[in-house]
Structure formats: structure tokens, C-alpha cells
Amino acid sequence: YRLGWRKYRMDDKKPLQALEEGDKAAEDVLWADSMIRYAPRRVSIPPGGSQQIRLLFRRPADLQEAEYRSHLWIVTETKPEKFNTVQNGEQKQAVRLAVQPAISLPIFVRNGNLTAETSITDTKLTKSGDLLNMSFTLHRKGNRSVYGDFDFICTDGGKETVIKQVRGISVYTEIEKRFLNFEIDLSKQETKSCNNVKVLYRADPDDPHYKGATLAEGAASL
């Protein structure tokens with residue numbers, strides 16, 4: 001695997017967009033990679049194995065109070081097997097699809113007293129057969145990003161039943177809202193019909209400030 005830094009910017013409708021060097025869209029994001037060193041830069045991991053990556057943060061003396069972010073990009077470097085298109089002495093036409101898995105991990109540096117307020121508005125619930133669709137706008141105000149999980153809860157008949165969970169949804173500092181929608185398959189639930197849904201946005205339990213607290217709540221009905 002090869003490791004490196006990548007710059008991504010969030011959009012209100014699309015999760016992340018890769019940015020090239022010199023892209024003006026990167027000007028409203030404070031990047032963290034100049035303050036962080038990592039090692040090793042290349043690793044070989046056997047099946048079932050693991051590898052520890054060390055990060056070293058060097059704080060500049062004049063670091064302003066803000067949130068900084070860059071994405072550590074990890075991509076495979078495994079060479080594909082040789083592809084022989086000759087059969088019975090004749091050259092054959094063939095197509096080969098080589099997959100190169102990669103993962104991007106956001107790395108944050110937060111300096112100072114950073115806070116954020118979160119709310120959910122414009123909730124709408126629609127139904128088609130056994131599928132519910134819930135759309136809403138997730139808002140963020142403040143000087144830090146928010147990251148958390150969604151619980152969708154059916155509230156019919158005074159009983160609350162969790163009918164869907166979505167993990168790892170964030171709103172970064174370059175935007176103040178995201179337009180989201182999720183499908184809920186009722187055919188796989190104990191609750192076969194649901195006309196009222198509450199959505200809770202909870203902070204990640206490992207967040208040292210919010211510690212899994214509920215950040216925002218919304219509801220919608222058919």
C-alpha cells in the first residue's frame with residue numbers, strides 16, 4: 001500500500017470532491033497536512049495482518065484558532081496478474097477490469113475553543129410500497145465540523161422502534177448545510193407500516209467534546 005495526502009472539499013449535495021493543486025475551490029478550507037508527518041509511506045501487509053501508522057503533529061507557534069483538515073489516502077500497489085489473450089495460438093480480443101481499492105481518512109487538527117450548533121429542517125416523508133423515503137436538511141453553524149450517526153425511529157402508537165441506522169455522516173466547515181435523503185425498507189422491519197418517523201443525529205461516542213450526545217432532531221409524517 002502507498003500512503004499520501006489528498007485534498008477533498010464537501011458540497012451540500014455531494015459528500016466529497018477531490019481537488020487538484022491550485023484549485024480555487026480549496027481556498028475556503030484550512031489544510032492540516034503541512035503540520036503532520038507520517039511513517040511509513042509504503043507498507044506490505046500479509047493476509048490477516050495489520051500495520052501501525054505513526055502520525056507526528058508539529059504545532060506552529062502562530063497557529064490561529066480554527067479547525068484544519070486533510071485526508072490521508074491509502075491505495076493498493078499490488079501489480080495485476082499477467083493477462084494472456086492468446087488462445088490456441090491465436091490472438092483473442094478481451095477486456096480486463098483491474099480494481100485498485102483505496103480509502104481516505106480525514107485527519108483533523110482543532111486549535112482553540114471550537115463549537116458547532118446543528119439542526120434538522122425541511123423534513124419530508126414519502127412512501128412507495130414497502131419503501132419509505134425521508135429527506136431533510138442538516139444544518140451546521142460554528143467554527144468546527146460535525147460528525148455523527150442517524151437513528152430513524154417509527155413513533156406510531158406511542159411506541160418507538162428503530163427502523164434504520166446510518167453511520168458516519170459529517171458536515172465540514174466549508175459548508176453550512178447538507179441536503180440528505182434515505183430509503184427505509186419496511187419489509188425487513190418488525191414495524192410493517194409506519195406513518196410517523198423521528199430522526200436523531202448523534203455525535204460519535206469518541207468525540208471528546210460531544211461524547212455521543214444528540215446534536216439534532218427532526219420528525220415527519222405521511
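**Note on aromatic contacts and one hairpin**

1. One aromatic cluster is formed by F136, F150, F152, F182 and Y201. Rings of Phe, Tyr and Trp (its six-membered ring) pair if their centres lie within 6.5 Å; planes under 30 degrees apart count as stacked, over 60 as edge-to-face and the rest as tilted.

2. This is a predicted model: local features need pLDDT of at least 70, side-chain atom pairs count only at pLDDT 80 or more, and totals for chains, interfaces and linings use all residues. Residues are numbered from 1 along each chain as its sequence is written, and side-chain values use heavy atoms, with hydrogens and water left out.

3. The whole structure holds nine aromatic pairs. One of them, F108 with Y172, is edge-to-face, at 5.8 Å centre to centre and 70° between the planes. The two residues are 64 apart: F108 sits in strand β9, Y172 in the loop between β13 and β14. Strands are DSSP runs of E, at least two residues, numbered from the N terminus.

4. Is Y172 buried or exposed? Y172 is buried, because its relative accessible area is 5% (buried means under 20%, exposed over 50%, partly exposed in between; 1.4 Å probe, protein chains only). F108, at 29%, is partly exposed. R110 lies over the face of F108, 4.8 Å from the ring centre (CZ of Arg or NZ of Lys within 6 Å of the centre and within 35 degrees of the ring normal).

5. F136 and F152 form a tilted pair, 6.4 Å centre to centre with 50° between the planes. F136 is in β11 and F152 in β12, so the pair ties together parts 16 residues apart in sequence. Both are buried.

6. β10 and β11 pair in the antiparallel sense over 11 bridges (pairing needs at least two DSSP bridges). Two residues lie between these strands, and G129 takes a positive phi near 65° in the hairpin.

Definitions and conventions. Helix = DSSP H or I, 4+ residues; strand = E, 2+ residues; numbered from the N terminus.
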